[in-house]
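Hi! Here is the structure I promised to pass on.

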Amino acid sequence: MDNRLDDRDIAILAILSREGRIAKTELAARVNLSPTPCWDRMKRLEQAGLIRGYRAEVDLERLGPHVQVFVTLELDSHKAESFQRFERIVARADAISGCWAIGGGYDYLMQVVTTDVAAFQDLMDGLLESRAGVRRYYSYIVTKPVKTVPPALALLGG
């Protein structure tokens, strides 16, 4: 696919990132296209890997008790195999819903969702006792979600 995206491609991506279940006819109307060309663009964006999937946004509050924690971590070693080992261990931990390698003073930022603080601490104790190579970590418990929206794609250009 040509790397250049036009304004309609960006609009399609932005609407789908916020409203994944929108009817195709409604999407077409909102980006000022007829349904078939809009569908063709969606398929092209999917085939190019720009649309990786469609998901439901679940209201965790209604689902049940939980705690969400962001964690910054530093590893003992900065050898490639240390990062690879840590990432393999994290990939297998269901309670870790997001993990990003970051620059700066820490090596990783993790997002953890568990039933309670005790379950979170069990997860972290397990990471410390495993061969994950965690030197230290800092936990930040979410007390209130303030803003959780997909990125403003129009700002990223095309």
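Phenylalanine 86 is in contact (heavy atoms within 4.5 Å) with Leu73, Leu75, Cys99, Tyr108, Met110, Ala132 and Val134, leaving aside residues up to four places away in sequence. Bear in mind that this is a predicted model: local features need pLDDT of at least 70 and side-chain atom pairs count only at pLDDT 80 or more, while totals for chains, interfaces and linings use all residues. Residues are numbered from 1 along each chain as its sequence is written, and side-chain values use heavy atoms, with hydrogens and water left out.

Phe86 also belongs to the largest nonpolar core, which has 20 residues; along with Val71, Leu73, Ile96, Met110, Val112 and Met124, Phe86 touches the most other members. Such a core is a set of buried Ala, Val, Leu, Ile, Met, Phe, Trp, Tyr and Cys residues joined through side-chain atoms within 4.5 Å, and buried means under 20% relative accessible area with a 1.4 Å probe, protein chains only. Two or more residues each come from S1 (67–75), H5 (80–91), S3 (108–114), H6 (117–129) and S4 (134–141). S1 gives the largest share, five residues. There's also a second, separate core of 16 residues, including Ile22 and Met42.

Zooming out, you'll find seven helices and four strands, which are DSSP runs (helices H or I, at least four residues; strands E, at least two) numbered from the N terminus. Their order is α-α-α-α-β-α-β-β-α-β-α. Of the 158 residues, 30% are buried. The C-alpha atoms fill a box of roughly 55 × 40 × 25 Å along the principal axes.

Cheers!

Notes
Buried means under 20% relative accessible area, exposed over 50%, partly exposed in between (1.4 Å probe, protein chains only).
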